[in-house]
Amino acid sequence: MARAKLVVLYPYPADVEEFERVYTEGHMPLVNAETMPGIRKFTGTKMLAAADGGQPQFYRMAELYFDSLEALQTAAASAGAQKAVAHAASISTGGAPVIMVAQDETVEF
């Protein structure tokens with residue numbers, strides 16, 4: 001089943017330890033079913049290395065899953081989502097986060 005998702009890519013931060021603190025303690029709690037109606041799943045990913053073994057361009061990726069594009073749009077219009085987006089921008093010390101809307105097509109084996 002194809003789902004809609006919001007993808008947030010955080011550039012490598014100026015201070016990794018501080019970013020981790022504010023991301024896990026302050027930002028992640030903003031993403032939940034109460035503040036973003038219709039959210040089905042949240043995945044946080046930490047990038048370990050670029051393909052050449054060097055420092056990756058992005059440090060973290062967040063994926064917020066919804067049943068449909070309409071559900072994502074409804075959640076994005078909520079006060080909770082607006083607060084989370086503003087907070088994401090304020091903690092992204094390596095540059096502005098890249099935010100995209102995508103369609104998830106998962107095949108599991």
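This is a predicted model: local features need pLDDT of at least 70, side-chain atom pairs count only at pLDDT 80 or more; totals for chains, interfaces and linings use all residues.
Local features need pLDDT of at least 70, side-chain atom pairs count only at pLDDT 80 or more, and totals for chains, interfaces and linings use all residues. Residues are numbered from 1 along each chain as its sequence is written, and side-chain values use heavy atoms, without hydrogens and water.

**Aromatic pairs**

The structure holds 5 aromatic pairs. Rings of Phe, Tyr and Trp (its six-membered ring) pair if their centres lie within 6.5 Å; planes under 30 degrees apart are stacked, over 60 edge-to-face, the rest tilted. Two of the pairs are edge-to-face:

| Pair | Centre to centre | Angle between planes |
|---|---|---|
| Tyr 10 and Tyr 23 | 5.5 Å | 80° |
| Phe 19 and Tyr 59 | 5.8 Å | 85° |

Tyr 10 sits in strand 1 (residues 3–11) and Tyr 23 in helix 1 (residues 16–27), so this pair ties together parts 13 residues apart in sequence. Helices (H or I, at least four residues) and strands (E, at least two) are DSSP runs, numbered from the N terminus. Phe 19 lies in helix 1 and Tyr 59 in strand 3 (residues 58–66), so their pair ties together parts 40 residues apart in sequence. Tyr 10 and Tyr 23 are buried (under 20% relative accessible area; exposed is over 50%, partly exposed in between; 1.4 Å probe, protein chains only). Phe 19 and Tyr 59 are buried too. Tyr 10, Tyr 12, Phe 19, Tyr 23 and Tyr 59 form one aromatic cluster.

**Helix packing**

Helix 1 and helix 3 (residues 79–91) pack at about 170°, with axes 11 Å apart. Axes are lines fitted to C-alpha atoms, for helices over the stretch in contact; angles run from 0 to 180 degrees between N-to-C directions.
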